[in-house]
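Hi everyone, thanks for making time this morning. I'd like to walk you through one structure, and please have it open while I talk.

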Amino acid sequence: MADNIILIGFMGVGKGRTARELARRTGFVTVDTDDLIETMVKKKIRRIFAEEGEARFRELEKQVARWLEHHVQQTIVSTGGGFFMVGNLQRLGRVFYLHSSVEGILDAISMHPKAKKKIKKRPLLQDLDRARELYCQRLPLYRRAADREINVEGRTIDEVAAEIASCL
Ligand SMILES: Nc1ncnc2c1ncn2[C@@H]1O[C@H](COP(=O)(O)OP(=O)(O)O)[C@@H](O)[C@H]1O
Ligand SMILES: O=C(O)C1=C[C@@H](OP(=O)(O)O)[C@@H](O)[C@H](O)C1
């Protein structure tokens with residue numbers, strides 16, 4: 001089994017930022033599954049969804065997950081919000097679920113100076129009511145998939161990274 005640190009959770013909850021802070025603290029390298037996919041096909045996520053459909057994107061996530069399992073060690077992996085469904089998640093490393101309420105997540109995104117851009121690049125955030133539904137569907141699944149849940153709401157990235165680092 002691979003010994004990576006895997007961060008899962010809803011869109012915009014802070015997986016990427018937390019991964020970068022953890023990498024800084026531990027000296028590990030960090031990779032992001034969305035970035036790997038965009039590099040592989042040289043296309044932005046938004047275009048993959050629009051031109052090839054969500055099912056194709058989920059196949060690419062599975063391909064990345066197989067590669068991580070067999071070739072990547074001692075790495076902090078931030079994931080897309082639906083990556084936890086790949087099937088071999090548990091074999092990739094220790095899985096931390098970053099938790100916040102959906103309103104906390106949507107408020108943080110909408111208050112960001114580049115909110116428009118941040119929403120535009122996420123196909124599943126285009127309709128906020130559907131995003132809330134998706135959150136409700138996924139919440140129990142994130143919890144089931146994770147080895148550990150970390151509450152991020154109202155906490156700084158530093159505090160969240162420190163809690164995860166203390167579990168390592
Ligand atoms: N430099 C920053 N300062 C403050 N907030 C930020 C910054 N970068 C991202 N954010 C906000 O933090 C949240 C998490 O971003 P990110 O780590 O990209 O989430 P994820 O990887 O889980 O999709 C988003 O709401 C985003 O708008
Ligand atoms: O929740 C999802 O299914 C998705 C989340 C996105 O990643 P972030 O969690 O980094 O926004 C990205 O993988 C894609 O738009 C689908």
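Let's begin with the sheet: strand 1 and strand 4 run parallel to each other, paired over five bridges. Do keep in mind as we go that this is a predicted model.

As a general point, nonpolar side chains in soluble globular proteins tend to be buried together. In this model the largest nonpolar core has 37 residues, and those with the most contacts inside it are Ile6, Leu7, Ile8, Phe96 and Tyr97. Which elements supply at least two residues each to this core? Among them are strand 1 (4–8), strand 3, strand 4, helix 1 (15–26) and helix 7 (128–145).

Let me zoom in on Leu7 for a moment. Setting aside residues up to four places away in sequence, Leu7 touches Lys15, Thr18, Ala19, Val77, Ser78, Thr79, Phe96 and Leu98.

An unreviewed UniProt entry lists Asp34, Arg58, Gly81 and Arg138 under "binding site". Let's compare two of those.

Arg58 sits in helix 4, residues 54–71. Is Arg58 buried or partly exposed? Arg58 is partly exposed, because 15 other C-beta atoms lie within 10 Å, and buried would take 20 or more.

Gly81, on the other hand, is in the loop between strand 3 (75–78) and strand 4 (93–99). With 23 other C-beta atoms within 10 Å, Gly81 therefore counts as buried. Leaving out neighbours within four places in sequence, the contacts of Gly81 are Gly9, Phe10 and Met11.

Finally, please click on ligand 2. Which residues are around ligand 2? They are Met11, Gly12, Asp34, Ile45, Gly80, Gly81, Gly82, Arg122, Pro123 and Leu124. By type, that shell divides into four nonpolar, four polar and two charged residues.

Conventions. Residues numbered from 1 in each chain as written. Chains lettered and ligands numbered in written order. Predicted model: local features only at pLDDT ≥ 70, side-chain atom pairs only at ≥ 80, totals over all residues. UniProt positions renumbered as here; feature names shortened; annotations may be inferred. Helix = DSSP H or I, 4+ residues; strand = E, 2+ residues; numbered from the N terminus. Buried ≥ 20, exposed ≤ 12 C-beta atoms within 10 Å, placed from the backbone. Contact = placed C-beta atoms within 7 Å. Near = placed C-beta within 6 Å. Nonpolar A, V, L, I, M, F, W, Y, C, P; charged D, E, K, R; others polar. Core = buried A, V, L, I, M, F, W, Y, C linked by C-beta atoms within 7 Å. Pairing = 2+ DSSP bridges.
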